[in-house]
Amino acid sequence: MIRAWELSAVLNNNRKGPFILYGDDFYVKKLAVKEIVSVISNKELNFRIFEEDFDLSEVIEAVAVYPIFDELRAVLIRTDKINSDKFNKIYSNCSEKTILIFSCFKSEVFKNLPFETVEIDCSRADERSAYTFVKNSFESDGYICDSDTINLIVKKCGSYIGKINNEIIKLKAYFFDDKKINPLYIDEVVNSETDYEVFELSKALLSKDTQKINDVKSRLLSDGKSPSALLGLITAQFRRMLHSVISDMSLSDIASKLNVKVYAVEMAMKEGKKMSQLKLKKIVDYLQNCEYRFKKGEMSDINALETAIDFVTFG
């Protein structure tokens, strides 16, 4: 198995694959897929994506066809619900012009893979690699950031390169004037890993981005969050949005009342203003009702979570 940053060298000799992406850093997976399919000019015609509960016959049909106005086509399958039998059926029907890509969490789902298979580790980075990534990212744009501050950023981001990258962008904008990262503001500007994920989930819910919703939800649940705990976090985020848009208090007073950072209230207000106060109030009431029904035993925690997500997205 190779690490994601070794992929470029491999692609010089093997572009067909199959490629299997393992791990929990979705940003790294996204970059890996982008690099693998970079040879495809018309992705609208020649790049198909299948999610968790895919139809096997539909996938087999997709991998068997030839590219249109392109040298190659690609099929990406994001799932942990697969076994070697399904893999072999898909791969045996794959045309020589199809790049086959699988994305999953664990490496144990496949056995007896073809010799030409490229397995790519897309797990969260180790602290040393994450540290180097942060250091190089700041230095490349002329920013100064001391070692302790870099370590703090890595720790708060859980070594996820995707989150680290987003936080670096935010920090560069925040300290653009003097190009020096002030460690005293890290706690204020950089969200903790869970806060970040829940914020991303709420954005996906409001934009009806079902793929992003499923990705973030699966990631949080796989990291040990219970469905009821995740529902509570989503409810708190939307309650924060509501408070930020209807209250006459200052942002710092709202943050103090809700026991969160000022920056979190600022971001909540930004998202909350995208909808009417009435709609936002209905969402908060519905989310709180889902929590209440679960606690009363009227529905399971997973049903409460799924019902809440469906309402926010499509209600």
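## A surface leucine

Leucine 45 counts as partly exposed because its relative accessibility is 39%, where partly exposed lies between buried, under 20% relative accessible area, and exposed, over 50%, with a 1.4 Å probe and protein chains only. Leucine 45 belongs to helix H3, which covers residues 43-46; helices are DSSP runs of H or I with at least four residues, strands are runs of E with at least two, and both are numbered from the N terminus.

Together with Ile68 and Phe69, Leu45 makes a nonpolar surface patch of about 340 Å². Patches are made of residues with over 30% relative accessible area and no salt bridge, nonpolar side chains (Val, Leu, Ile, Met, Phe, Trp, Tyr) being joined within 5 Å and like charges within 9 Å.

## The model and the whole chain

The model is predicted, so that local features need pLDDT of at least 70 and side-chain atom pairs count only at pLDDT 80 or more, while totals for chains, interfaces and linings use all residues. Residues are numbered from 1 along each chain as its sequence is written, and side-chain values use heavy atoms, with hydrogens and water left out.

The protein chain has 16 helices and six strands, and its C-alpha atoms fill a box of roughly 65 × 55 × 35 Å along the principal axes. Of its 315 residues, 46% are buried. The accessible surface comes to about 16100 Å², and 50% of that belongs to carbon and sulfur atoms; accessible areas come from the Shrake-Rupley method with a 1.4 Å probe, and for residues only the protein chains shown count as cover.

## Two helices side by side

Helix H15 (residues 277-295) and helix H16 (residues 301-314) pack with their axes 9 Å apart and at an angle of about 170°; the axes are lines fitted to C-alpha atoms over the stretch in contact, and angles run from 0 to 180 degrees between N-to-C directions. H15 and H16 are therefore roughly antiparallel to each other, a term for angles over 145 degrees, whereas those under 35 count as roughly parallel, 65 to 115 as roughly perpendicular and the rest as oblique. The residues that meet include Tyr286 and Phe294 in H15, and Ala304 and Phe311 in H16.

## Salt bridges

The chain holds 10 salt bridges, each a side-chain nitrogen of Lys or Arg within 4 Å of a carboxyl oxygen of Asp or Glu. In one of them, aspartate 141 pairs with lysine 172, with the closest N and O atoms 2.6 Å apart. This pair links distant parts of the chain, 31 residues apart, since aspartate 141 sits in the loop between helix H6 (127-140) and H7, and lysine 172 in helix H8. Aspartate 141 is partly exposed at 40%, while lysine 172 counts as buried at 15% relative accessibility.

Another salt bridge joins glutamate 306 to lysine 217, the closest N and O atoms being 2.8 Å apart. Because glutamate 306 lies in helix H16 and lysine 217 in helix H11 (residues 210-222), the pair ties together parts that are 89 residues apart in sequence.

## A buried loop residue

Serine 159 is found in the loop between helix H7 (147-156) and helix H8 (161-174), and with 7% relative accessibility serine 159 counts as buried. Leaving aside neighbours within four places in sequence, serine 159 is in contact (heavy atoms within 4.5 Å) with several residues, among them Asp25, Arg124 and Ile164.
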